[in-house]
Amino acid sequence: MADTLEFNEIYQEVKGSMNDGRLRLSRQGVIFKNSKTGKVDNIQASELAEGVWRRVALGHGLKLLTKNGHVYKYDGFRESEFDKLSDFFKAHYRLELAEKDLCVKGWNWGTVRFGGQLLSFDIGEQPVFEIPLSNVSQCTTGKNEVTLEFHQNDDAEVSLMEVRFYVPPTQEDGVDPVEAFAQNVLSKADVIQATGDAICIFRELQCLTPRGRYDIRIYPTFLHLHGKTFDYKIPYTTVLRLFLLPHKDQRQMFFVISLDPPIKQGQTRYHFLILLFSKDEDISLTLNMNEEEVEKRFEGRLTKNMSGSLYEMVSRVMKALVNRKITVPGNFQGHSGAQCITCSYKASSGLLYPLERGFIYVHKPPVHIRFDEISFVNFARGTTTTRSFDFEIETKQGTQYTFSSIEREEYGKLFDFVNAKKLNIKNRGLKEGMKQSYDEYADSDEDQHDAYLERMKEEGKIREENANDSSDGSGEETDESFNPGEEDDDVAEEFDSNASASSSSGDGDSDRDEKKPAKKAKIVKDRKPRKKQLESKKGKDPNAPKRPMSAYMLWLNANREKIKSDHPGISITDLSKKAGELWKAMSKEKKEEWDRKAEDARRDYEKAMKEYSVGSKSESSKMERSKKKKKKQEKQMKGKVEKKGAASKSLASTKSPAKNMSESFKSKEFVSSDESSSGESKKEDSEEEGVASLPPSSEESASGSD
């Protein structure tokens, strides 16, 4: 005989609804865990009074009655499991598992029996239906009639709201049977009546859900929320869990009460009651009970007179009355040092708290997810930006929760937490890749910036070297343009051919001749500012020694990677802050070591600068000599051009050449007046020689004819 029996997909009937869960039978007793709420019902073996096996709508069911009158119903068993359960009950609980089928005759008269918290309507020895009296919200009487009203079941599409019983009039022992029936019902019914004074009252508490300010009146069996518009009465039996969560700003506290069934406001259901407190708000509380009653009822958990923070007093009173422990955040600590993560769920921003056994999100809408109902989690990149990521949770029932806009710095902490809790990670195969990509994002500003600077420095060096080479070459070309070199000779020959063509073609050709040297003059003029620009670039020598670093910068470069490894996912600003703190806390002896290194670097820099300045002076003297030589050559060429221009003017005034020749002289004279090009001066030389030779030949021909 096995010591335990386990059954999956068993349904517990609670207030007319069927809750899915798992049932476990052991020597110690019966344990049922609700898959939806995680609530656990534990029935000790010594408390069991009766076990009944019967046929129900979902196959076969098991009804357990305890000695204190509680009834538990579990459905979903197969017929073949009866023998196994019967033997187990005999061996471990010493109970006979009786078989009792429900009466299906359809009769509507019979006998009512009250057993514990159960009302049974029987026909003969067979029950027709059973009503848990805890479902009754109100009981009213009339003439020979009793009416039972029930709590609304939010999980069922159709709910039974009312049942009426006809009670025949009898005068046995002078007791009215209608009143006796009603008293038996009310003694076990869940009827909330605010009789007597409240144990204590908390005034004007800020409530986030339902929103508003409420007075909370604490009664022995229920909690009364009194607001300006709505009132809520919450039985302590509907409280599942209590949470006390610190706000991210470290100045406020959330107190969360999980409810099942939820409180209702119209068509809205509130599964969580969330109160917001300030840590600075204190209160002195006196219970409306004498000290003996307080000691007897709460066994030292509360005292008649208490004082302290408001949130501590509320949580302490609720813990004592509900008799449930308060859940607080575990050892999780986010990037900013808080025990929560800022994120968004659906359209609202809130806080996600990783707990020891689940996650809770506050506050709109509140969500509580237990680890045992999680199928897997997933880390996904943000849809709008790479500076954040999404955290997805999918439950075993197929429900998916997506918490978005989580700062990328939180990834490492959250991943380590999920990994430590041994939750299934959907993209675990990409674990290293995700972590690597996250590290790259976390350090994107710093790493990319450094890489970009290094690349630009290298490219800058190459460009400056090329610019220096081109500036040296362009300087030589500029010098040659002022000297009668090969390039100028070619230009002069071209102009000579144009001049001969112009003597035979006319004005149109002379216009073209005028345009060509103008374009050449523009090109030469454009070179001058470029030369100055290149010379200014040349002043920034990439070979010059770099300035030495300070002691702090030397230390930071040496310890940057160590700080990153000690604080994975740290941002640039936080890294600089952390480095500043470490440097500030460093002892003088260690700082002196880096001061010495900085002093050595400074001396090396000064020595290198002296050597560099000596070399640069020699180069500058060479450049000055070459500049003087160029200026001298320019002056010589300018004087030569002016001298030849004056000679051409005197010849033009004394001689009378032909009309076409005078026009060509005019164009050439116009060209010779432009002193911007040495090539033009060369052209003038060649054409002036032609002009000087032409007039004598014409005069000779004239004298011969005479």
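**Exercise 1.** In this predicted model, work out how far apart Arg 603 and Glu 599 sit along helix H12, and how their side chains meet.

*Solution.* Start with the contact: the two side chains form a salt bridge, at 3.7 Å from N to O. That passes, because the cut-off is within 4 Å. Next, the spacing: Arg 603 and Glu 599 are 4 residues apart in helix H12, so about one helical turn separates them.

**Exercise 2.** Find which parts of the chain the Glu 50 and Lys 100 pair ties together.

*Solution.* First check the bridge itself: the closest N and O atoms of Glu 50 and Lys 100 are 3.9 Å apart. Now place the partners. Glu 50 belongs to strand S5 (residues 48–56), and Lys 100 to the loop between strand S8 (97–99) and strand S9 (111–115), so the bridge joins parts 50 residues apart in sequence.

**Exercise 3.** Decide for each of Arg 203 and Asp 215: buried or exposed?

*Solution.* Look at the contact first: they form a salt bridge, with the closest N and O atoms 3.6 Å apart. Arg 203 sits in strand S15 (residues 200–209) and Asp 215 in strand S16 (residues 212–218), 12 residues apart. Then compare with the cut-offs: exposed means over 50% and buried means under 20%. Arg 203, at 51%, is exposed; Asp 215, at 11%, is buried.

Notes
Residues numbered from 1 in each chain as written. Predicted model: local features only at pLDDT ≥ 70, side-chain atom pairs only at ≥ 80, totals over all residues. Heavy atoms only, no water. Helix = DSSP H or I, 4+ residues; strand = E, 2+ residues; numbered from the N terminus. Buried < 20%, exposed > 50% of the residue type's maximum accessible area, 1.4 Å probe, protein only.
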